[in-house]
Amino acid sequence: MAIIEQRLAEMGLELPESLKVREGLRMPFVWVRVRGNRAYISGHVACNRDGTLATPLGKVGGEVSPEQGYASARLVALAHLASLKRAVGNLDRVTAWLRVFAMVNVAPGFDETPLVTNGYSDLILELYGPNVGAHTRSSIGMAVPLNAPVNCEAEVESTGDR
């Protein structure tokens, strides 16, 4: 078993299937675009193991607590890892997490988006360690598609060959 997948299993975590969206919602893009040694990961929201949209939904600081937002951000990281695995074949091929751009669905007045996005960063650092997992990050508040608490995109460096 690959190292990263073994770590996920030891943590009791599983990679989800691709996000299943409602009928009629067209998404004409790729989830991961590999160019050379870079993989660009499209914005993902939290999903359950079967690919359905994870709950709770809503604005952090309103219907969703910061702790629930943190958990949602962890699920977004898992969704990214699942898409990345489908694209490059093995998560051990990632040689550096470069950038994470997090969009947090915020209620008026909620300005602690880094606390939410830490859920994503903490999981990546737990799995990859500081040498590979350290990344730059932005965490901003805005309206997020599907009323999800968090949407993240990322860029990684990898040995692109499968």
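Let's start at Ser 158, which sits in strand β5. Keep in mind that you're looking at a predicted model. Is Ser 158 buried or exposed? With a relative accessible area of 3%, Ser 158 falls under the 20% cut-off, so it counts as buried. Setting aside neighbours within four places in sequence, Ser 158 is in contact with Asn 37, Val 88, Arg 93, Val 94 and Thr 95.

Val 94 in that list leads us on to Tyr 128, which touches Val 94 too. Not counting residues up to four places away in sequence, Tyr 128 also touches Ile 4, Arg 7, Leu 81, Leu 91, Trp 97 and Gly 133. Now look at the largest nonpolar core, which has 36 residues. Tyr 128 is among those with the most contacts inside this core, along with Leu 81, Leu 84, Leu 91, Trp 97 and Tyr 120. Which elements each supply at least two residues of this core? They are α1, β2 (38-45), α2, β3, α3 and β5. The one that gives the most is α2, with 8 residues. Apart from this core lies another, of 7 residues, and Leu 19, Val 45, Val 144 and Ala 148 are among them. In soluble globular proteins, nonpolar side chains tend to be buried together.

Just after α2 comes Gly 89, which takes a positive phi of about 90°.

Where in α3 does a kink lie? Go to Leu 127: there the helix has a kink of about 85°, shortly before the proline Pro 130.

An α-helix has 3.6 residues a turn, so residues three or four places apart point the same way.

Step off the end of α3 and you reach His 135, in the loop between α3 (113-133) and β4 (136-142). The side chain of His 135 makes a polar contact with the side chain of Ser 121, at 2.8 Å. A polar atom of the His 135 side chain also lies 2.7 Å from the backbone oxygen of Gly 133. Leaving out residues up to four places away in sequence, His 135 touches Trp 97, Leu 98, Arg 99, Val 100, Ser 121 and Ile 124. Take Arg 99 from that list: it's 36 residues away along the chain, yet the C-alpha atoms of His 135 and Arg 99 are separated by 5.2 Å.

Side chains of opposite charge can pair when their charged atoms come close. How many salt bridges are there? The count comes to 7. In one of them, Glu 155 pairs with Arg 99, with the closest N and O atoms 3.8 Å apart. That links distant parts of the chain, since Glu 155 is in strand β5 and Arg 99 in strand β3, 56 residues apart. Arg 99 is partly exposed, at 31% relative accessibility.

Glu 155 forms a salt bridge with Arg 38 too, and here the closest N and O atoms are 2.7 Å apart. Because Arg 38 lies in strand β2 and Glu 155 in strand β5, this pair ties together parts that are 117 residues apart in sequence. Glu 155 is buried, with a relative accessible area of 11%, whereas Arg 38 is partly exposed at 29%. Salt bridges that share partners join Arg 38, Arg 99, Glu 153 and Glu 155 into one network.

Finally, visit the salt bridge between Arg 49 and Glu 14, whose closest N and O atoms are 2.9 Å apart. Arg 49 lies in the loop between β2 and α2 and Glu 14 in the loop between α1 and β1 (32-35), so the pair ties together parts 35 residues apart in sequence. Arg 49 is partly exposed, with a relative accessible area of 44%, while Glu 14 counts as exposed at 54%.

Key
Residues numbered from 1 in each chain as written. Predicted model: local features only at pLDDT ≥ 70, side-chain atom pairs only at ≥ 80, totals over all residues. Heavy atoms only, no water. Helix = DSSP H or I, 4+ residues; strand = E, 2+ residues; numbered from the N terminus. Contact = heavy atoms within 4.5 Å. Polar contact = N/O pair within 3.5 Å; in protein donor to acceptor, adjacent residues only side chain to side chain. Bend = angle between axes of the 7 residues up to and from the residue. Core = buried A, V, L, I, M, F, W, Y, C linked by side-chain atoms within 4.5 Å. Buried < 20%, exposed > 50% of the residue type's maximum accessible area, 1.4 Å probe, protein only. Salt bridge = Lys/Arg side-chain N within 4 Å of Asp/Glu carboxyl O.
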